[in-house]
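This report covers charged side-chain pairs and nonpolar packing in one protein model. The sequence and structure come first, and the text follows.

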Amino acid sequence: MERSVNADPFQRSDSSDRWTWWRNWLGFWFLGLCNNFGYVVMLSAAHDILRKQESGNSTLTASATLAVDFQVRNNSNASRYDCNPVSTAAVLLADILPSLSVKLAAPFVIHAVPYGFRVMICVVMTATSFLLVAFSSAVWMSILGVIFASFSSGLGELSFLALSTFFSRDVLGGWGSGTGGAGVAGALLYSALTQAGLSPRITLLTMLVVPFSMILRQVYFCLLVFPTRLSHWKPSMNDCLVSCSEERERLIEGAGEGREEEQEKPEAVTPEPLSLTEKRHIIRSLLKFMFPLGLVYFAEYFINQGLMELLYFPNFFLSHAEQYRWYQTLYQLGVLVSRSSLCCVKIRKLWLLALLQILNAVLLLFAVGYQFLPSAWLVFVIILYEGLLGGAAYVNTFFFISKEAKDRQREFSMSTASVGDSFGIALAALVAFPVHRYFCSL
């Protein structure tokens, strides 16, 4: 029976103490929500502030065109697709590259940084990004805020996924549900507060800087029930070695071996940190998970940022802006539902999810080119289905990595595999640029 060295103590505690189980599940739910929620809302506010800066300047800078506004269209654009001057892929590319960079580099060095320090870095960088965007007086300050938020989001994701290896595997369901809920909650709450009369700047400060950075800190230090020997301020590998020794001692006790052997064996065998060669071997073994996840997210964000704004139905009762917002809302709803489904259904055939998502992208690509879909209602269903596939691929990928990785490799595996979705998103943004330009030239 395969077991997680660090998770087993909690698995035994879960059966006798449901409160501990719920605290950890809810803790990871809030961590997922906070890690993604602030990022989503901050970007929405950045767009609003960029538009405000555009209106205050007589000359538009190249960077300011990143603020895509469907309600204020280019009047000279005669395209049948009602195109915006710049594809939303431009915003996506600026958002994802810093996160991708940290995910590529961090797994090889992040083990030297204790989890407590990682959480504090995420909180400080997130708060800094909010302040930069809220008080920006120039476009470059807003862009810098986006970069800080992207870096914080990437570091938080790989750190919290690695942290989950010290708990029951069920916490992955909480993490997935929280990240899925971030998109829906972020969009709804930001819209509600701004429509209630608050300016984007005030909304940003009250909604993000104070509550969510503090929630992230309080959840980590207060709500989660950690293993007794897990240190917040020492490198994670030390904790892993201690936990390995404790687990061996428990196994020896369970087997009924002599007292002297119980005392000697934990010290006799001490696992060493993963070498660079071992890490390369682990990365190769993770490709069977990372490739399907990357393909799912490539197709998913190619649809979201390359095709979604082109799926416009002029005779529908919703405007172009409203159609696009409903596309995004239904997509986030699908992600929330499927990322919350781990307790009900588990899907091991990740390549099947990738194939279905690619078929989705091909279908909608032809729909944009030939405009054969009769109504936006059908697109709503397809977009909801797209979100279901994407959320299922994410949460099941990390569940089976946690389940199948060896004890000593699990923490590194969870943090490294998170690069798969970011790489797919970045590639989708690059491909979406020429596709957008082609269709808008027709």
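The model is predicted, and local features need pLDDT of at least 70, side-chain atom pairs count only at pLDDT 80 or more, while totals for chains, interfaces and linings use all residues. Residues are numbered from 1 along each chain as its sequence is written, and side-chain values use heavy atoms, with hydrogens and water left out.

**Salt bridges**

Side chains of opposite charge can pair when their charged atoms come close. A salt bridge here is a side-chain nitrogen of Lys or Arg within 4 Å of a carboxyl oxygen of Asp or Glu. Searching the whole structure gives six salt bridges. Helices, named below with H and a number, are DSSP runs (H or I, at least four residues), numbered from the N terminus.

| Pair | N to O distance |
|---|---|
| Glu 278 and Arg 408 | 3.1 Å |
| Lys 288 and Glu 404 | 3.9 Å |
| Arg 348 and Glu 404 | 2.9 Å |

In the salt bridge between Glu 278 and Arg 408, the closest N and O atoms are 3.1 Å apart. This pair links distant parts of the chain: Glu 278 sits in helix H11 (residues 276-307), and Arg 408 in the loop between helix H14 (376-404) and helix H15 (410-417), 130 residues apart.

Lys 288 and Glu 404 form a salt bridge at 3.9 Å, N to O. Because Lys 288 lies in helix H11 and Glu 404 in helix H14, the pair ties together parts that are 116 residues apart in sequence.

Glu 404 also forms a salt bridge with Arg 348. That pair again links distant parts of the chain, with Arg 348 in the loop between helix H12 (320-339) and helix H13 (350-370) and Glu 404 in helix H14, 56 residues apart. Elsewhere, salt bridges that share partners join Lys 103, Glu 157 and Asp 421 into one network.

On relative accessible area, buried means under 20%, exposed over 50%, and partly exposed in between (1.4 Å probe, protein chains only). Glu 278 is partly exposed at 28%, and so is Arg 408 at 29%. Lys 288 is partly exposed at 47%, Glu 404 at 34% and Arg 348 at 37%.

**Nonpolar cores**

A nonpolar core is a set of buried Ala, Val, Leu, Ile, Met, Phe, Trp, Tyr and Cys residues joined through side-chain atoms within 4.5 Å. The largest one has 88 residues, of which Leu 163 and Tyr 327 touch the most other members. H14 supplies the largest share of this core, 14 residues. A second, separate core has five residues, among them Phe 37, Val 41, Ala 182 and Tyr 190.

Technical notes. Helices (H or I, at least four residues) and strands (E, at least two) are DSSP runs, numbered from the N terminus.
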